Each structure stands twice: as C-alpha cells, then as structure tokens.
Amino acid sequence: MDAFSGAAGDMTIAALVDLGVPFGVVQDSVAALGIGGFALELKRARGGAIGGSKFDVVVAAAQPDRRYRAIDDLLAASELSESVKLLARRIFLRLAEAESEVHRMALDEVAFH
C-alpha cells in the first residue's frame with residue numbers, strides 16, 4: 001500500500017473488500033463497537049475504465065465528536081476479540097500520534113472524522 005499522501009478510511013475498506021475481505025466481517029466488527037445511528041453501504045463503482053467498490057457510512061443520527069481518547073475507550077469496551085482490540089488500539093494510537101505531530105496538537109485533541 002503506497003499511501004504517500006494519506007489513506008481515506010472509506011477507500012481503504014473498499015480496497016480490502018475488493019481484495020477478498022468479506023463485507024460481513026466489516027459489518028460484524030462495526031456492530032461489535034455497540035454504536036448506532038448509521039448504516040454501512042457497499043456499492044459497485046467505476047472510475048473511468050477501472051471498476052471497484054465504494055464504501056460509505058450513511059449517518060442517520062447526529063454522531064458525537066470522537067477524539068482519540070473516546071475512540072480508544074470505545075475499542076476497549078467493545079465486544080471485539082482481545083487480539084482485534086489490541087491491534088485496533090495500537091493502530092489508532094499510531095494514527096493519533098502522527099496526526100498530533102503533523103497538526104502540532106496534544107494527542108487527546110486529535111479528532112477522527
């Protein structure tokens with residue numbers, strides 16, 4: 001993965017599904033977080049001559065601002081397996097540290113959107 005200018009979450013999930021991750025795995029993992037007010041959509045898409053998937057989160061109800069600490073707490077309290085929780089928390093910490101450095105803000109001020 002060559003993400004020299006960043007990686008959008010929707011594009012990453014769509015690419016992983018196109019590579020073979022069943023969409024049900026994505027749906028089940030998100031359901032294990034215990035949050036609601038949204039729906040997950042996966043559609044076929046085309047960009048010029050290239051076809052693929054388009055992933056979207058359709059928000060039905062207002063969502064709270066989720067900064068790094070809220071995401072970490074959400075993952076820790078989730079029904080995900082312990083190994084998945086650990087990996088997800090490590091990934092979000094690494095992302096938050098990078099965002100913190102780039103935007104010159106405290107780790108707990110980093111917002112994911």
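Author: The account below begins with the salt bridges and then turns to the pockets and the surface. The model is a predicted one, in which local features need pLDDT of at least 70 and side-chain atom pairs count only at pLDDT 80 or more, while totals for chains, interfaces and linings use all residues. Residues are numbered from 1 along each chain as its sequence is written, and side-chain values use heavy atoms, with hydrogens and water left out.

A search of the whole structure finds six salt bridges, a salt bridge being a side-chain nitrogen of Lys or Arg within 4 Å of a carboxyl oxygen of Asp or Glu. Four residues, R69, D72, R89 and D108, are linked by such bridges into a network. Within it, R69 pairs with D72, their closest N and O atoms lying 3.9 Å apart. These two residues are separated by about one helical turn, because they stand three residues apart in helix 3; helices (H or I, at least four residues) and strands (E, at least two) are DSSP runs, numbered from the N terminus. R69 also forms a salt bridge with D108, with the closest N and O atoms 3.0 Å apart. This pair links distant parts of the chain, since R69 belongs to helix 3 and D108 to the segment after helix 4, 39 residues apart.

Buried means under 20% relative accessible area, exposed over 50%, and partly exposed in between (1.4 Å probe, protein chains only). D72 counts as buried because its relative accessibility is 7%. R69, at 36%, is partly exposed, and D108, at 41%, is likewise partly exposed.

A further salt bridge joins the side chains of D65 and R67, at 3.1 Å from N to O. Here D65 is exposed, with a relative accessible area of 52%, whereas R67 is partly exposed at 35%.

The segment after helix 4 also holds R104. Although R104 is not a glycine, its phi is positive, about 50°. With 79% relative accessibility, R104 counts as exposed.

Next come the pockets. On a 1 Å grid over the protein atoms alone, a pocket is an open set of points where a 1.4 Å probe fits, with protein on both sides within 12 Å along at least five of seven lines; lining residues have an atom within 4 Å of a point. The largest pocket holds about 2,000 Å³ of space, a volume being the space filled by probe spheres set on grid points joined across faces, edges and corners. Its lining comprises 40 residues, and G9, D10, I13, V30 and F92 lie nearest its centre. Helix 4 gives the most to this lining, with seven residues. By class, the lining has 30 nonpolar, six polar and four charged residues; Ala, Val, Leu, Ile, Met, Phe, Trp, Tyr, Cys and Pro count as nonpolar, Asp, Glu, Lys and Arg as charged, and the others, Gly among them, as polar.

The second largest pocket contains about 170 Å³ of space. Its lining consists of L87, R90, I91, L93, R94, L95 and E97.

Finally, V25 in helix 2 (residues 23-31) is partly exposed at 42% relative accessibility.
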